[in-house]
Amino acid sequence: MSIAFTFPGQGSQSVGMGKDLAYAFPEARAVFQEVDDALDQKLSEIMWNGPEETLTLTANAQPALMAVSIATIRVMEARGLKLAGTVSYVAGHSLGEYSALCAAGTFSLADTARLLRIRGNAMQSAVPVGEGAMAAIIGLEHGDVETICRDASAAGVCQIANDNGGGQLVISGSKAAVEKAAALATEKGAKRAIMLPVSAPFHSALMSPAADAMRHALAQVDKRAPVVPLIANVRAAPVTDASEIVDLLVSQVTGQVRWRETVEWFAANDVTELYEVGSGKVLTGLARRIDKTVSGTAINTPADIETALAAILG
């Protein structure tokens, strides 16, 4: 029986996130200051005071979410948590994979912030606005959605971007192809097929310019093997080699976030507790839908930290 730490992705941001941590803990304040310095921007001010539309910009949301996750980890470490030996695995949803790797020591905090700023900008600029789209397909199996994407691909790129479990899959690609796939999904009995209000077709082949940008950026930073294995998004299996992790991070930009399989892997390998470290509780909700044998707990307030440390450290 073991525990894993998971780290949230884009969509979990909210104005005010991390402010109570900064008020309560000097370790959290130090993280937010280091991220501000690394980006040469008062990102913490946007996180705490908004406006929401500025925080939601991909280039801001990605390092901001990471900052809250790492602030939470640093507070817990200052109170006795040692990741190695206590936590068996880490995983993160899309950008959360960078948070997981920062927590596990693969990248420094400053480098992680800069990598996520580059990633956010590169993903935003990879496809002209209006040419790409994403849609959530609710109530169909993975294989059915794969077939639908294949059938729709005559109209352009269309592929599964996220398999979030619980019958929720997100598809991504060219606008015409995704719209065609959403219509096909409805015909095939999907409960819902919802076009998403996103700014780019993330995790699709259209993101290949962003993958190239990340390959270059990742080559410039120091990296170490994580102190605990990462369950990688595109593999849904553990990896510890730093150069292999870099390759998987590049693949992740255009590849599928296999979150359902990640949680299923945890359940099959004696992980009984998933702690979601950072803003929101999206991953905690997904875990409950994917496998009832895995318990999920979100950690994002001072009270959450106290409760989690009591449970983990005894």
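1. His-203 is buried, at a relative accessible area of 3% (buried means under 20% with a 1.4 Å probe, protein chains only). His-203 sits in the loop between strand E6 (192-195) and helix H11 (208-219); helices (H or I, at least four residues) and strands (E, at least two) are DSSP runs, numbered from the N terminus.

2. The model is predicted: local features need pLDDT of at least 70, side-chain atom pairs count only at pLDDT 80 or more, and totals for chains, interfaces and linings use all residues. Residues are numbered from 1 along each chain as its sequence is written, and side-chain values use heavy atoms, with hydrogens and water left out.

3. An unreviewed UniProt entry lists Ser-94 and His-203 under "active site"; such annotations may be inferred rather than shown by experiment. The two are spread over 110 residues of sequence, yet they cluster in space, with a largest C-alpha distance of 8.8 Å.

4. Ser-94 lies in the loop between strand E2 (89-92) and helix H7 (96-103). Ser-94 also counts as buried, because its relative accessibility is 11%.

5. The side chains of His-203 and Ser-94 make a polar contact at 2.7 Å (a pair of N or O atoms within 3.5 Å; within protein, one must be able to donate a hydrogen and the other to accept it, and residues adjacent in sequence count only if both atoms are side-chain atoms).

6. Leaving out residues up to four places away in sequence, Ser-94 touches Arg-119, His-203, Asn-233, Gln-252 and Val-257, where contact means heavy atoms within 4.5 Å. With that exclusion, the residues touched by His-203 include Arg-119, Gln-252 and Val-257.

Notes: Buried < 20%, exposed > 50% of the residue type's maximum accessible area, 1.4 Å probe, protein only.
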